[in-house]
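Visitor: Hello! Could you show me around this structure, one question at a time?

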Amino acid sequence: RSTVLIVTPEGQAGSGVILIARKDSPVIILTANHVIQGTSGPVLVLFHGIDNKLVMFASHFLEDKDKDLAILQTDKLWNRDEELITEIDGSILPRGTPVIAIGYPKGIGPMITDGIIGDRREISSSINTMGYIVTTAIYFGNSGGGIWYKGKLAGIIVAFLAAGDSDTIVIPQPGGSIAVDGQTVMRFLTQ
């Protein structure tokens, strides 16, 4: 319910997660930095609510290129009585934990796929960023969307893994994803 479609002025699409939406306040959105990196202006944000859509524009607020995370803030105030506050799971999820991914593959959605945590490993040795290898099927446009466990945000999708053998693991069909884990997201948000 807190996943959004993000479209850049250049026409590239990705996903994001509403972190905080309170009445009469700007909306704060978490996404993958590469979704919005190099954009020429504010990005379009589309939120599909239960009963209608909400269209907003958002600007970069905080970016971390190394962790591939970014925070956006909307120019439009949240005009709904319902508050959205995303809870983040900062625990380390073990292999085999069932999770879902929610995003906008190719700008369509939101779409939900399920899978499991296949592994947790360092995804950037230069900055000690940990992430999950996840068997959820994702496609272009899912980047910036969430990996969810028991209703809590467990990670942000930052890369797609094609099916087949990688250097150290086997990725099942139709592929998988790499997600920055919840602990890293929490550190990013408190920096």
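**A pocket, a strand and a phenylalanine**

Visitor: What is the volume of the largest pocket?
Guide: Welcome! Please keep in mind that this is a predicted model. The largest pocket in it has a volume of about 220 Å³.

Visitor: Which elements give two or more residues to the lining of the largest pocket, and how many residues line it in total?
Guide: Strand E2 (13–21), helix H1 (33–36) and strand E12 (152–161) each give two or more residues. Nearest the centre of the pocket lie Ala13, His34, Phe140, Gly141 and Ser143. By class, the lining has 7 nonpolar, 6 polar and 1 charged residues.

Visitor: Are the two faces of strand E11 covered or open, and which residues sit on each side?
Guide: In a regular strand, side chains alternate between the two faces of the sheet. Strand E11 covers residues 146–149, and both of its faces are covered. Buried on one side are Gly146 and Trp148, and buried on the other are Ile147 and Tyr149.

Visitor: Which residue in E11 is the bridge partner of alanine 101?
Guide: Strand E8 (residues 98–103) runs antiparallel to E11, and 3 bridges join them. In E11, the partner of alanine 101 is isoleucine 147.

Visitor: Is phenylalanine 47 buried or exposed?
Guide: Phenylalanine 47 belongs to strand E4 (residues 43–48). Buried means under 20% relative accessible area. Phenylalanine 47 has a relative accessible area of 4%, so it is buried.

Methods:
Residues numbered from 1 in each chain as written. Predicted model: local features only at pLDDT ≥ 70, side-chain atom pairs only at ≥ 80, totals over all residues. Heavy atoms only, no water. Buried < 20%, exposed > 50% of the residue type's maximum accessible area, 1.4 Å probe, protein only. Helix = DSSP H or I, 4+ residues; strand = E, 2+ residues; numbered from the N terminus. Pairing = 2+ DSSP bridges. 1 Å grid on protein atoms, 1.4 Å probe; cavity = no way out; pocket = protein on both sides within 12 Å on 5 of 7 lines; lining within 4 Å. Points joined across faces, edges and corners; volume = space filled by probe spheres on them. Nonpolar A, V, L, I, M, F, W, Y, C, P; charged D, E, K, R; others polar.
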